Amino acid sequence: MSASDPVADMLTKIRNAAQARHEKVDISTSKLKLEIVKILKTEGFIKNFKKVQDEGRSIIRIFLKYDETNAPVIHGLKKISTPGRRVYSGYKDMPRIYNGYGIIIVSTSSGVTTGRKAKEKMVGGELVCSIW
């Protein structure tokens with residue numbers, strides 16, 4: 001577990017749980033992680049999530065989503081910005097993931113949002129991760 005990049009740890013836990021066909025996965029809570037999970041829910045990559053208290057600490061319980069053939073809906077998660085290499089993009093140069101089938105999560109001055117919404121609002125920011 002990397003203490004320097006908690007978002008990468010969260011993405012790895014989700015990726016591993018989906019590969020192992022788990023029903024749910026628990027991750028520690030932070031504002032950025034909660035915003036990313038909310039985006040995953042609205043974009044249809046996960047069934048649901050809820051914040052719970054477990055032994056005095058707050059965690060986010062994510063319920064993973066699978067299709068009819070029991071294959072995970074999340075095919076891939078990739079961290080773009082790392083603690084040693086921050087990646088920024090203006091709204092004109094916002095990358096597209098798998099020709100629009102995936103999403104990119106961007107941390108902008110007006111909050112955490114998808115690349116498509118950032119382009120509509122005409123704001124750029126730090127590219128956090130991509131999901132397809």
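1. Start with a definition. A residue counts as exposed when its relative accessible area is over 50%, and as buried when that area is under 20%. Values in between count as partly exposed. Asn 99 has 59% relative accessibility, so Asn 99 counts as exposed. Keep in mind throughout that this is a predicted model.

2. Stay with Asn 99 for its backbone. Asn 99 sits in the loop between β5 and β6 (103-108). Its phi is near 55°, a positive value in a residue other than glycine. Most residues other than glycine have a negative phi.

3. Where is Glu 55 found? It is in the loop between β2 and β3 (57-64). Glu 55 has 76% relative accessibility, over the 50% cut-off, so Glu 55 counts as exposed.

4. Next, the charged pairs. Side chains of opposite charge can pair when their charged atoms come close. How many salt bridges are there? The count comes to four.

5. Glu 35 is partly exposed at a relative accessible area of 29%. Lys 38 also counts as partly exposed, with 36% relative accessibility.

6. Arg 116 lies in helix α3 (residues 115-121), while Glu 43 lies in the loop between α2 and β2 (46-54), so the pair ties together parts that are 73 residues apart in sequence. Arg 116 counts as partly exposed at 45% relative accessibility. Glu 43 counts as partly exposed at 25%.

7. Is Glu 126 buried or exposed? It has a relative accessible area of 17%, under the 20% cut-off, so Glu 126 is buried. Arg 86 is partly exposed, with a relative accessible area of 45%.

8. Turn to the strands. Strands β6 and β7 (residues 111-114) run antiparallel and are joined by four bridges. Val 106 has Thr 113 in β7 as its bridge partner. The two strands β6 and β7 form a hairpin, with two residues between them.

9. Check the rings. A pair of aromatic rings is described by the distance of the centres and the angle of the planes. The structure holds one aromatic pair. It is formed by Tyr 98 and Trp 132, with 5.4 Å centre to centre and 50° between the planes. The cut-offs are under 30 degrees for stacked and over 60 for edge-to-face, so the pair counts as tilted.

10. Tyr 98 lies in the loop between β5 and β6, and Trp 132 lies in the segment after β8. The pair links distant parts of the chain, 34 residues apart. Tyr 98 is exposed, with a relative accessible area of 52%. Trp 132 is partly exposed at 25%.

11. Last, the inner space. The structure holds one cavity of 30 Å³ or more. About 30 Å³ of space lies in the largest cavity. Which residues line the largest cavity? They are Arg 15, Ala 18, Gln 19, Ile 74, His 75, Gly 76 and Leu 77. Helix α1 (residues 6-19) gives the most to this lining, with three residues. By class, the lining has three nonpolar, three polar and one charged residues.

Key. Residues are numbered from 1 along each chain as its sequence is written. This is a predicted model: local features need pLDDT of at least 70, side-chain atom pairs count only at pLDDT 80 or more; totals for chains, interfaces and linings use all residues. Side-chain values use heavy atoms; hydrogens and water are left out. A salt bridge is a side-chain nitrogen of Lys or Arg within 4 Å of a carboxyl oxygen of Asp or Glu. Buried means under 20% relative accessible area, exposed over 50%, partly exposed in between (1.4 Å probe, protein chains only). Two strands pair if DSSP finds at least two bridges between them. On a 1 Å grid over the protein atoms alone, a cavity is a set of points where a 1.4 Å probe fits but cannot get out, and a pocket is an open set with protein on both sides within 12 Å along at least five of seven lines; lining residues have an atom within 4 Å of a point. Grid points are joined across faces, edges and corners, and a volume is the space filled by probe spheres set on the points. Ala, Val, Leu, Ile, Met, Phe, Trp, Tyr, Cys and Pro count as nonpolar, Asp, Glu, Lys and Arg as charged, and the others, Gly among them, as polar. Rings of Phe, Tyr and Trp (its six-membered ring) pair if their centres lie within 6.5 Å; planes under 30 degrees apart count as stacked, over 60 as edge-to-face and the rest as tilted.
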